[in-house]
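Here's a quick walk through the packing and the charged pairs. Have the viewer open and follow along.

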Amino acid sequence: MADLTLIIGNKNYSSWSLRPWFFMQFHQMGFEEIRVPLFTKDTDQQLSAYNSDSKVPVLQDGDLTVWDTLAIMEYLSETYLDNKGWPQDRKSRAFARSISAEMHSSYSHVRNEFPMNCRKNFTHILPSAEALREINRITHLWASCRQQHSNAGPWLFGGFAIADAMFAPIALRFNGYNINLSDEAQSYVELILNHPAIKNWIESGKQELEVITEDEVEI
C-alpha cells in the first residue's frame, strides 16, 4: 500500500473527505495525504489532474485514480481488505450497503442546516421539522443495526464497516450542534468521537485557517 495517496479537502469542513480518511486510518493503511483547500481561486487547478470534476476525495493507487467516497472505500475493501469493508453475512451486507447509499444521497436538511465545522460548538440552533425527521431516521437506523449486531461488537454491524465511515461526519455534526439524542444514539456518537483518528482529524481541522463562508452557521 506504499503507493496510496488520498487527496482531501479542508478537514474542518469536508465531510466527504473524512469518510475514506477515517476508513483508511482505522485499517492502518499507510498513505500519503494531500490537502487541497476548497473554494479558492486555485482549487480547480489543483484538482484538475485527478479527473474528479474538481471534487474530493480522490484516491491514487499507483497509476490508478478512484474518486467518490463510496467508490474509494469499495475499492480499498476489495483490493486490500479481502472485502471485509462490508459485513460478511449476505443480508447484513445488503443492509449495510443500503444505509450507506442512503447516507450518500439523502439527509439534505441535516447537511444544509448543520454543515460540518470542527472549530465551532453550537447550543442554540434547533433543527427544522424536516431535519428532525431525518435525524430520527438516522438514529433509528443506528439503533436497529447496533441492537441486531451487539454481540459482535460496538459498531453498526458489530465490527467496523464502510457504513460506520459513511456516518462518521453525522456524529461530528450531532456533537458540534448539540443535537438532543437518545442514550443509544449518543453512545454511538461517542464511540466515533473517541476514536484516535477522529480526534486527530478534529484537532487538525481546528488548526486550519481557511474559512468557507457558505459552511459557516452564525447565531
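Predicted model: local features only at pLDDT ≥ 70, side-chain atom pairs only at ≥ 80, totals over all residues.

Start with R146 and E184: their side chains form a salt bridge, and the closest N and O atoms sit 3.2 Å apart.

R146 has a relative accessible area of 14%, so it falls under the 20% cut-off and is buried. E184 comes out at 27%, so it counts as partly exposed.

## The other charged pairs

How many salt bridges are there by this rule? The count comes to 10. One of them joins the side chains of R35 and E210, at 2.9 Å from N to O. R35 lies in strand β2 (residues 32-35) while E210 is in the segment after α9, so this pair ties together parts of the chain that are 175 residues apart in sequence. Both ends are partly exposed: R35 has a relative accessible area of 31%, and E210 has 24%.

Another pair is K55 with D53, whose closest N and O atoms are 2.7 Å apart. K55 is partly exposed at 49% relative accessible area, whereas D53 counts as exposed at 60%.

## The nonpolar cores

Now for the greasy part. The largest nonpolar core has 62 residues, and the ones with the most contacts inside it are L59, L76, W142, L156, F167, L172 and F174. Quite a few elements give two or more residues to this core, among them β1 (4-8), α1 (15-26), α3 (69-80), α4 (90-105) and α6 (129-148). Helices α8 (183-193) and α9 (196-207) are also on that list. The top contributor is α7, which gives 10 residues.

What does F167 touch, once residues up to four places away in sequence are set aside? Its partners are I99, M103, Y107, I138, W142, L156, Y188 and I192. There's also a second, separate core of nine residues, including L38, L47, V56 and I212.

## A serine inside helix α4

Is S100 buried or exposed? The relative accessible area is 0%, so S100 is buried. Leaving aside neighbours within four places in sequence, S100 is in contact with L70, W86, I162, A163 and M166.

Finally, have a look at V217, which is found in the segment after α9. V217 has a relative accessible area of 16%, so this valine is buried. Which residues does V217 contact, leaving aside those within four places in sequence? The list is E113, P115, K120, F122, I125 and Y177.

V217 and K120 are 97 residues apart in sequence, and their C-alpha atoms are 9.3 Å apart in space.

Note on methods:
Residues numbered from 1 in each chain as written. Heavy atoms only, no water. Core = buried A, V, L, I, M, F, W, Y, C linked by side-chain atoms within 4.5 Å. Buried < 20%, exposed > 50% of the residue type's maximum accessible area, 1.4 Å probe, protein only. Helix = DSSP H or I, 4+ residues; strand = E, 2+ residues; numbered from the N terminus. Contact = heavy atoms within 4.5 Å. Salt bridge = Lys/Arg side-chain N within 4 Å of Asp/Glu carboxyl O.
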